[in-house]
Amino acid sequence: MTKLNIGIILGSTRQGRVSPQVGEWVKGIADKRGDANYEIVDIADFNLPFVFTTAGDDPGIKAWSEKLTNLDGFVFIVAEYNHSITGALKNALDSARDEWNNKAAGIVSYGSTGGARAAEHLRGILGELLVADVRVHPTLSLFTDFENGSVFKPAELHLKNVNVMLDQVIAWSGALKTLR
């Protein structure tokens, strides 16, 4: 059986963001498992226009669609901004439709309350896009897992949760692949 392709989606595009640090940490854990092909997918690389402001034939939208089509599942790295996900992530989610369908996703969130409110908002959006989000959800605190709010230094306790989340993403992604 061929390995699943799992995209680790960086959900923030702002200057000084910490999502690349968190994404690389998750990828490092995932790569040691050897159970799937994991890759960082940075929405900033696609230069997506705001949804419905163009004819939809922009190169970024086409590349985004192709990237999502080639993935079997996702891990979202989610920053909490104003009790929700970032505008950039919402725009990226809305910039595709069918490409999301019948796939699984895990969520790793961070913020002052571990990004829990952003993760809950994301779960509602994923449901509409027919993405099955898994139960285990590692939450990272800006106060205990980041030095000065900018240098990621995760507590050891998160390692188990990330691995259990990945177990669930792999199981569900494999099962849902049979529907596509």
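**A walk through the model**

Analyst: Asn101 is buried, with a relative accessible area of 17%, where buried means under 20% relative accessible area, exposed over 50% and partly exposed in between (1.4 Å probe, protein chains only). This is a predicted model, in which local features need pLDDT of at least 70 and side-chain atom pairs count only at pLDDT 80 or more, while totals for chains, interfaces and linings use all residues. Residues are numbered from 1 along each chain as its sequence is written, and side-chain values use heavy atoms, with hydrogens and water left out.

User: Where does Asn101 lie, and what is it in contact with?

Analyst: Asn101 lies in the loop between H3 and E4; helices (H or I, at least four residues) and strands (E, at least two) are DSSP runs, numbered from the N terminus. Leaving aside neighbours within four places in sequence, Asn101 is in contact (heavy atoms within 4.5 Å) with Leu129, Leu130 and Arg180. A polar atom of the Asn101 side chain also lies 3.3 Å from the backbone oxygen of Arg97.

User: Leu130 came up there, so what is its phi?

Analyst: Phi of Leu130 is near 60 degrees, a positive value in a residue other than glycine. Leu130 sits in the loop between helix H4 (116–128) and strand E5 (131–133), and at 49% relative accessibility it counts as partly exposed.

User: And Asn148, buried or exposed?

Analyst: Asn148 counts as exposed, at 74% relative accessibility. Its place is in the loop between strand E7 (146–147) and strand E8 (151–152), and its phi is near 55 degrees, a positive value in a residue other than glycine.

User: Switching to aromatics, how many pairs are there?

Analyst: Rings of Phe, Tyr and Trp (its six-membered ring) pair if their centres lie within 6.5 Å, with planes under 30 degrees apart counted as stacked, over 60 as edge-to-face and the rest as tilted; by this rule the count comes to eight aromatic pairs. In one of them, the rings of Phe74 and Phe76 have their centres 5.9 Å apart and their planes at 40 degrees, so the pair is tilted. Phe76 and Trp100 form another tilted pair, 6.0 Å centre to centre with 35 degrees between the planes.

User: What does the pair of Phe76 and Trp100 tie together?

Analyst: Phe76 lies in strand E3 (residues 73–79) and Trp100 in the loop between helix H3 (87–94) and strand E4 (103–111), so the pair ties together parts that are 24 residues apart in sequence. Both Phe76 and Trp100 are buried, and ring pairs link Phe46, Trp64, Phe74, Phe76 and Trp100 into a cluster.

User: Now helix H5, which residues are buried there?

Analyst: In H5, the buried residues are His158, Val162, Met165, Leu166, Val169, Ile170, Ser173 and Leu176. Seen down the axis of H5, these fall within an arc of 140 degrees (taken from the directions from the helix axis to the C-beta atoms), so they line one face of the helix.

Technical notes: Polar contact = N/O pair within 3.5 Å; in protein donor to acceptor, adjacent residues only side chain to side chain.
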